[in-house]
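Hi everyone, thanks for coming. Let's look at today's protein together, one piece at a time.

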Amino acid sequence: MNGMRELLDDTVRRAARFLDSLAERPVAASCGAGELVPALGGALPETGQPASAILSLLDEAGERGAVASAGPRYFGFVTGGVLPASLAANWLAAAWDQNAFSEVSSPVGAAIERVAVRWILEALDLPADAGIAFVTGATMANFTALAADRRAVLLAHGHDVDRDGLHAAPEITVVVGEQAHATLFKALGMLGLGRDRVVRVPVDGQGRMRADALPGLDGPAIVCTQAGNVNTGAFDPVGAICEAVRAYDVRVHVDGAFGLWARASTEFADLARGIGQADSWAADAHKWLNVPYDSGLAIVRDAGALRGAMSVQADYLPDRENREPFEFTPETSRRMRGVEVWAALASLGRGGLVELVERNCRQARRFAAGLRDAGFEVLNDVVLNQVLVAFGDDRATAETIRAVQREGTCWCGGTRWNGRAAMRISVSSWATTDDDVERSLAAIVRVAETVRRTA
Ligand SMILES: Cc1ncc(COP(=O)(O)O)c(C=O)c1O
């Protein structure tokens, strides 16, 4: 193909230069979107431009607006980096441009998913015959898994929601913890279950749902638990919750966007106790598995319920002999999203996944200890990879967060916890070394002390 080889070689050079810069470049982007828009385009061009010119514009103008979140000292939100094997697999699969909806349209897409499904269930110690949908993130994973749960609880009451929708359906009681993630409510809204029509269960000081405060349940119900509070990292007591609702007609779902990966390590067996008893689970691969965006996993014990909720029929679609990807996801045509998950698990192996999770959690504990030693207040029990720290009153904490972001050694965001402003440190990247943690800790303490002195 004319010029394709040169274009891809140029892409490799530019990408490698960016990746090489990650170790030392300031973590925050050097300019905002407003500054980039004019550089990236005015009116729609009347005639097309050469691909090589478009690539250099993207690189030279756009790169200034790229956050170094693939690098080793980005601790914002819950953000994994990208493992080399997953990045390479992503590039090759993009060149293949497979429509991975079906075995007919992409045998390799179907095969990759079959292997990845098996590996995920093994790594997370979940039932070997569970169904998995490769979706775009935890929001869609919650949506997809809860669609299967909604179908199952209503079918048990004689109502086929796929055929009749929620018209004349028995009411489903949806139970959530007070600290459920904001996007779970969005998923419930999209499912017609309502963002606000939920029973909220009180939580303890770490954001864990209190199993002793669960309501009595009558009729179809779904209990949405959480493995990994986005602020504290705390897990709901999923085992105790499953026991408490066993007598009722209930499905238990686990939003384990990042926390579900802790099941790979026996170190977190107590934290994750009982998670295997649930009916469905959501996890992000683009968080702790360190694959490129966008990648989430909806896992459902009853694979038939997932297939029932997501499958479609049409005369032109293939007969189903084996697992067909389009029977599990909200999307039909889609990219080969399982490929980066497959590559990540192949490159880490079980041992590498365990090491990654355990290392990041040890690094989070090191941040907490260093910040406490420097006289700052750690607001959470550091049970996983999340640390919340206050640098005095809310104003001092907000000013410190801004100053840390400006200083550029590392990047951490802010939040509020139990009525107080806090800085969130989320350690989620394969690229983060112990040296990166020491460098970042020293920078945070230095900046915070300057803010304290000048207040
Ligand atoms: C517990 C939890 N659930 C859901 C989400 C949403 O994930 P995503 O942004 O991948 O859709 C997050 C994101 O941080 C989360 O922490």
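How many helices and strands does the secondary structure of the protein come to? The count is 13 helices and 11 strands, where helices (H or I, at least four residues) and strands (E, at least two) are DSSP runs numbered from the N terminus. Please keep in mind that this is a predicted model: local features need pLDDT of at least 70, side-chain atom pairs count only at pLDDT 80 or more, and totals for chains, interfaces and linings use all residues. Residues are numbered from 1 along each chain as its sequence is written.

Now the overall shape. The C-alpha trace spans about 65 × 60 × 45 Å along its principal axes. For 455 residues, a compact globule would have a radius of gyration near 23 Å, and the protein has 23 Å, so the two agree. That radius is taken over C-alpha atoms, and the globule rule is 2.2 Å times the number of residues to the power 0.38.

Next, the domains. Domain 1 covers 4–68 and domain 2 covers 88–344, with bounds that come from an automatic or database domain assignment. Taken over C-alpha atoms, their centres are 35 Å apart.

On to a helix pair. Helix α4 (residues 84–96) packs with helix α11 (residues 338–373) at an angle of about 145°, their axes 8 Å apart. Axes are lines fitted to C-alpha atoms over the stretch in contact, and angles run from 0 to 180 degrees between N-to-C directions. The contact has 7 nonpolar, 3 polar and 1 charged residues.

Finally, two backbone details in loops. Tyrosine 293 and aspartate 294 are joined by a cis peptide bond, with omega about 0°; aspartate 294 sits in the loop between β6 (280–284) and β7 (296–300). Aspartate 125 has a positive phi, near 50°, though the residue is not glycine, and lies in the loop between α5 (107–123) and β1 (131–135).

Conventions: Ala, Val, Leu, Ile, Met, Phe, Trp, Tyr, Cys and Pro count as nonpolar, Asp, Glu, Lys and Arg as charged, and the others, Gly among them, as polar.
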